Amino acid sequence: MRRTIRGTLASTSAALVVLAVLAGCSTDVEEPADSAAESTSESTEEADSGDEGEWFVQADYDEQDEQRSATFEGPESEPWLQYIDGEMTDTSEYNSGGAKKVCFANASVSNPWRQTGFITMNQQLEALQDKGVISEMEVRDAQDDDNTQLADIDYFISEGNCDAFVISPNSTAAMTPGVERACETGKPVIVFDRGVETDCATTFIHPIGGYAWGIDTAEFLVDNLEEGDKVVALRILPGVDVLETRWAAAEKIFEENGIEAEDFFTGADPTEIKKIITDALNQGEVAGVWMDAGDGAVAAIEAFEDAGVDYPVMTGEDEMSFLRKWEETGLNGLAPVYSNFQWRTPLLAVEKIFAGEEVPKEWVLPQTPITEDERAEYLEANEGMPDGHYAKFGGEDLPGFPEAWQDR
Amino acid sequence: MSTTSITTTETPARPALPVHEGSLGSRIASGMATPGGAVFVLVGVLLVAIMVSNPNFTDPGALIRFAGRTAPIAIAAMGQYYVIVSGEFDLSMGAVIAAQVVLAGNFIGQDEGRIIPGLLLMLAVGALIGIVNGLVTTLLKVPSFIVTLGMMLALSGLVRYITGGAASGNPVDAFRDIGRGGIEDVPVVDIIPFPLIILAVVAVLSVWLMRRPFGRTLIAAGDNPQSMHYSGAPLWSYKTRAFVLSSLSATVAGILLVGYAGVHPSVGAGYEFTAITAVVLGGVVLGGGRGWVLSAAAGAFALELLFTLLTSLGVTSTWRDTVQGLIIIAAVALSARAWQVGRRPRRTTSSDPSPSTDNTATPSPNQPSTGATTGDN
């Protein structure tokens with residue numbers, strides 16, 4: 001008899017111990033991570049109050065908020081060449097004829113957004129090869145690894161025989177020395193998408209940015225929801241600046257307007273997304289869904305369908321899967337855009353640089369969300385494209401359209 | 001005369017061994033006291049705790065949906081059980097799920113006619129992976145830890161190569177219905193999810209299988225591989241079949257998950273550890289030889305209930321891995337001890353104190369005394 005009692009005690013107390021430990025942990029979770037203050041020294045200086053979190057920089061927020069309504073230079077039909085008026089880099093020293101070799105250090109192609117962009121870039125390359133501007137583009141894929149990308153850049157510098165470097169950094173701080181080393185070669189360096197902490201590059205190409213995304217989406221939800229409504233915020237992963245700033249801006253606006261938003265990390269795994277939404281629905285009504293990237297939006301919507309409740313007000317992305325599901329369900333939504341057509345711009349910048357034309361030092365591309373009124377137009381324009389395609393990919397006039405994007 | 005009378009009187013005096021000891025009630029009670037039984041109590045406790053913290057969970061519809069979504073984990077845990085109880089590990093489970101999910105998305109696509117061939121292909125691929133895992137472990141004598149780790153990396157690399165790491169399109173809705181749909185308009189619970197039905201079928205088959213000679217031998221193989229070797233049982237065949245069952249259950253979990261959520265290369269990530277945690281929480285001893293297959297499934301439910309409880313208590317999901325790690329360590333430590341208590345006392349720690357006191361009182365002249373490196377000589 002003694003053994004049986006001890007057996008039960010042992011295994012139930014195992015579970016209880018774990019529970020107790022966790023209950024203890026849960027109280028610490030709420031604490032804001034103030035240790036991050038050192039890592040981004042400028043942010044602490046510029047942030048108006050310390051409790052905004054490590055990623056919130058008021059000055060950047062204000063700048064991007066303004067840029068949302070800025071006028072862009074250049075033709076509207078070619079948004080990938082548009083930019084906000086500002087400091088220009090003189091490139092007359094690079095003016096030379098002949099086809100050039102471009103070396104591209106890519107962070108990865110591990111999400112549909114990057115895959116779509118990389119196809120567009122390759123088609124743009126084809127067009128420029130036909131024009132005799134670029135001889136070849138050597139690509140190294142770092143597979144989301146900082147060290148691999150640093151090695152890739154060093155390989156290009158020492159053995160790549162490159163005329164120009166194109167770098168899409170994997171992470172901001174870690175890639176800074178790599179970009180600096182590329183700059184030291186004296187050859188043109190083009191950085192795009194995620195930024196680095198140096199301005200040595202010939203041009204840094206990016207859409208307006210994460211704060212603009214956060215402002216567009218959070219304002220849409222605030223406008224369509226009541227104070228006190230609950231919003232589930234689905235985030236891919238922590239620590240990437242272009243994603244963190246989206247949430248930082250949205251969180252601020254939600255707080256200011258009394259929207260009760262709770263954020264979760266999903267790793268873009270649809271199983272996780274569905275579980276999170278289902279659990280939230282079990283807790284009570286969910287009025288809105290905010291996403292920092294549209295990957296997995298369909299799983300989130302399906303969770304509402306499976307639970308048999310009304311669709312939420314929702315922001316996804318201009319990924320086809322979301323646009324299609326959005327139309328099919330008729331929910332009230334918005335598709336924010338992190339302009340995928342920026343993948344064309346680096347190679348077009350190479351063309352300009354070797355022609356001696358000046359390029360913007362910081363090349364800020366337009367970034368406009370797709371509203372419900374515009375949705376049909378984009379669905380039609382992208383008919384036959386796979387679910388992982390992005391509506392604002394901007395490659396309609398490139399060779400290989402549309403097969404190159406359809407067969408992936 | 002006297003000798004015959006002794007034998008005749010003794011034989012009927014020895015009672016036939018009963019099939020079961022005690023009444024059904026007392027057998028259940030003593031079963032609940034083992035780690036394998038206590039997990040069912042734990043499931044009950046957690047369920048009540050969730051219902052108290054979140055009254056919405058008392059709705060039968062919410063409960064059955066929860067059970068439906070836990071089915072893939074429970075099925076994976078039962079698959080992992082076969083391997084663990086035979087004394088091995090299967091770390092390739094999550095990668096198998098990811099590979100099957102991507103396979104379903106690419107092969108079946110939007111073509112309903114490919115559902116049946118697709119399912120057969122997935123099961124064949126699953127079986128093949130299990131056979132490779134099993135044969136390399138048993139015939140080439142590579143520890144299963146390494147074999148399945150290698151298989152995990154090989155499959156992950158393959159998935160990454162095929163997809164580039166991003167989601168492709170979902171397979172046709174009719175196929176996804178296996179994991180997403182159910183029997184609708186059922187009174188009280190509203191819907192009986194198909195995954196729950198599949199889980200029930202798998203559970204019944206597993207119980208039956210573990211009562212067959214195969215199951216008995218598998219447990220014996222985990223308990224004492226040496227004696228199984230001497231008994232002449234083909235260990236390699238039994239263990240290989242356990243690996244095949246594990247991969248097949250990962251395949252079934254993959255089929256359900258692609259229906260539940262859709263195609264993404266990250267689906268199934270971490271499933272091997274979730275399954276191992278569930279099995280351990282179910283009181284199955286790592287290293288093999290002890291544990292009940294349904295306890296593994298109950299362990300999966302307990303684990304998911306625990307996570308749901310933590311969510312409803314406001315603990316962020318980033319703590320999940322930490323919780324899982326603590327559970328593995330705590331459950332292994334405590335359940336191994338609990339099983340030990342139930343075992344017959346070992347000969348080395350005999351309950352009879354007289355020999356040991358004799359030893360200390362009068363040490364043998366030839367034996368080294370405690371702490372001495374040599375004996376009398």
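Reader: What share of the 408 residues of chain A counts as buried, and what makes a residue count as buried?

Author: The share is 49% of the 408 residues of chain A, where a residue is buried if 20 or more other C-beta atoms, placed from the backbone, lie within 10 Å of its own, exposed if there are 12 or fewer, and partly exposed in between. This is a predicted model, in which local features need pLDDT of at least 70 and side-chain atom pairs count only at pLDDT 80 or more, while totals for chains, interfaces and linings use all residues. Residues are numbered from 1 along each chain as its sequence is written, and chains are lettered from A and ligands numbered from 1 in the order in which they are written. In chain B, buried residues make up 46% of the 377 residues.

Reader: What does Thr245(A) touch beyond the residues up to four places away in sequence?

Author: Thr245(A) touches Trp55(A), Gly209(A), Gly210(A), Tyr211(A) and Gly214(A), a contact being a pair of residues whose C-beta atoms, placed from the backbone, lie within 7 Å. Thr245(A) and Val57(A), for their part, are 188 residues apart in sequence but 8.7 Å apart in space, C-alpha to C-alpha.

Reader: What makes helix 12 (residues 345-354) of chain A largely enclosed by the rest of the structure?

Author: Seven of its ten residues are buried, and helix 12 of chain A is therefore described as largely enclosed. The buried residues of helix 12 of chain A are Thr345(A), Pro346(A), Leu347(A), Ala349(A), Val350(A), Ile353(A) and Phe354(A). Just after helix 12 of chain A comes Gly356(A), with a positive phi of about 80°.

Reader: Why are strand 3 (134-141) and strand 13 (362-365) of chain A said to stand at the edges of their sheet?

Author: That open sheet of chain A has six strands in the order 3-2-4-5-6-13, with parallel pairing, and two strands pair if DSSP finds at least two bridges between them. Strand 3 and strand 13 of chain A each have a single partner strand, so one side of each is left without a neighbour in the sheet. Neighbouring strands of this sheet are turned by 15° against each other on average, direction ignored.

Reader: Which strands stand at the edges of the five-stranded sheet of chain A?

Author: In that open, parallel sheet, ordered 8-7-9-10-11, the edge strands are strand 8 (260-265) and strand 11 (333-334) of chain A, each pairing on one side only. Strand 7 (residues 230-235) and strand 8 of chain A are joined by six bridges, and Val232(A) has Glu262(A) as its bridge partner in strand 8 of chain A. Helix 8 of chain A lies across strand 7, strand 8 and strand 9 (288-291) of chain A, at about 170° to strand 7 of chain A.

Reader: Why are helix 8 (residues 173-180) and helix 12 (residues 235-260) of chain B called roughly perpendicular?

Author: Their axes lie 6 Å apart at an angle of about 110°. Angles under 35 degrees count as roughly parallel, over 145 as roughly antiparallel, 65 to 115 as roughly perpendicular and the rest as oblique, and the two helices of chain B are therefore roughly perpendicular to each other. The residues of their contact divide into seven nonpolar, two polar and three charged, with Ala, Val, Leu, Ile, Met, Phe, Trp, Tyr, Cys and Pro taken as nonpolar, Asp, Glu, Lys and Arg as charged, and the others, Gly among them, as polar.

Methods: Helices (H or I, at least four residues) and strands (E, at least two) are DSSP runs, numbered from the N terminus. Axes are lines fitted to C-alpha atoms, for helices over the stretch in contact, and angles run from 0 to 180 degrees between N-to-C directions. Two residues are in contact if their C-beta atoms, placed from the backbone, lie within 7 Å.
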